[in-house]
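Please follow this account with the sequence and the coordinates side by side.

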Amino acid sequence: GKEYIYKEPKLTGLSEISLRLVKLYGEKFGTENVKIIQDSDKVNAKELDPKFAHIQVTYVKPYFDDKELTERKTEFERNHNINRFVFEAPYTLSGKKQGCIEEQCKRRTILTTSNSFPYVKKRIPINCEQQVNLKPIDVATDEIKDKTAELHKLCSSADVDMIQLQLKLQGCVSVQVNAGPLAYARAFLNESQATKYPPKKVNELKDMFR
């Protein structure tokens, strides 16, 4: 199969893109021969029925490592010359997508395109894929880090959007519902629990609370 990153207007929904692609390839292969893959899990091509054309669509965002984040300080720099993108999917070792905090893992997929956006075309082929599996304590650290960065960005803007700020504060900081910093602290930093995890990981999570 072939993989592409599409650049769409800001408020374009996945369903809109999916319908557009089904129509496009339906005209080519016949609508009854085109199927949409509903989730963003990795697809095993051998398990797909070769009689159908399969389309999988998921949302991605630009990916920057820590070094790039310090170098790309403005909105312009973080939206131009972009060729790496990321999406994440929750999972547990038991096979379920969602579980309790102590078993909730996350798979991060980093995609690299053959050219950089903005580009003369609205889609660019993907030529490299890297997967990183985050363990539960890593998920806790990562979620708090991301939400803290979002709040800092909102609060440091010249004109604070109070509605957005309120929504962010009300939102949870977990890949599952109804779990926040206190729940993470109880699960991983409580004296009876912390000894189950590598000291380095525990200290990284503690730093998120300082």
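Thr-141 is found in helix H3, where helices (H or I, at least four residues) and strands (E, at least two) are DSSP runs, numbered from the N terminus. The model is a predicted one, in which local features need pLDDT of at least 70 and side-chain atom pairs count only at pLDDT 80 or more, whereas totals for chains, interfaces and linings use all residues. Residues are numbered from 1 along each chain as its sequence is written, and side-chain values use heavy atoms, with hydrogens and water left out.

With a relative accessible area of 12%, Thr-141 is buried; the term means under 20% relative accessible area, against over 50% for exposed and partly exposed in between (1.4 Å probe, protein chains only). Apart from residues up to four places away in sequence, Thr-141 touches Glu-204, Leu-205 and Met-208, contact being defined as heavy atoms within 4.5 Å. The C-alpha atom of Thr-141 is also separated by 8.7 Å from that of Tyr-184, 43 residues apart along the chain. Tyr-184 belongs to helix H5 (residues 181-188) and counts as buried at 2% relative accessibility.

Two packed helices are described by the angle between their axes and the distance between the axes. For H3 (residues 136-156) and H7 (residues 199-208), the axes come within 9 Å and cross at roughly 20°. Such axes are lines fitted to C-alpha atoms, for helices over the stretch in contact, with angles from 0 to 180 degrees between N-to-C directions. H3 and H7 are therefore roughly parallel to each other, since angles under 35 degrees count as roughly parallel, over 145 as roughly antiparallel, 65 to 115 as roughly perpendicular and the rest as oblique.

From H3, Ile-137, Asp-138, Ala-140, Thr-141, Ile-144 and Lys-145 meet Lys-201, Val-202, Glu-204, Leu-205 and Met-208 of H7. By class, this contact has 6 nonpolar, 1 polar and 4 charged residues; Ala, Val, Leu, Ile, Met, Phe, Trp, Tyr, Cys and Pro count as nonpolar, Asp, Glu, Lys and Arg as charged, and the others, Gly among them, as polar.

The strands come next. S6 (residues 105-117) and S7 run antiparallel and are joined by 8 bridges, two strands being paired if DSSP finds at least two bridges between them. A hairpin connects S6 to S7 through 5 residues, and Thr-113 has Ile-126 in S7 as its bridge partner. S7 (residues 123-134) also runs antiparallel to S1 (residues 4-6), with 3 bridges; there Ile-5 stands opposite Ile-124.
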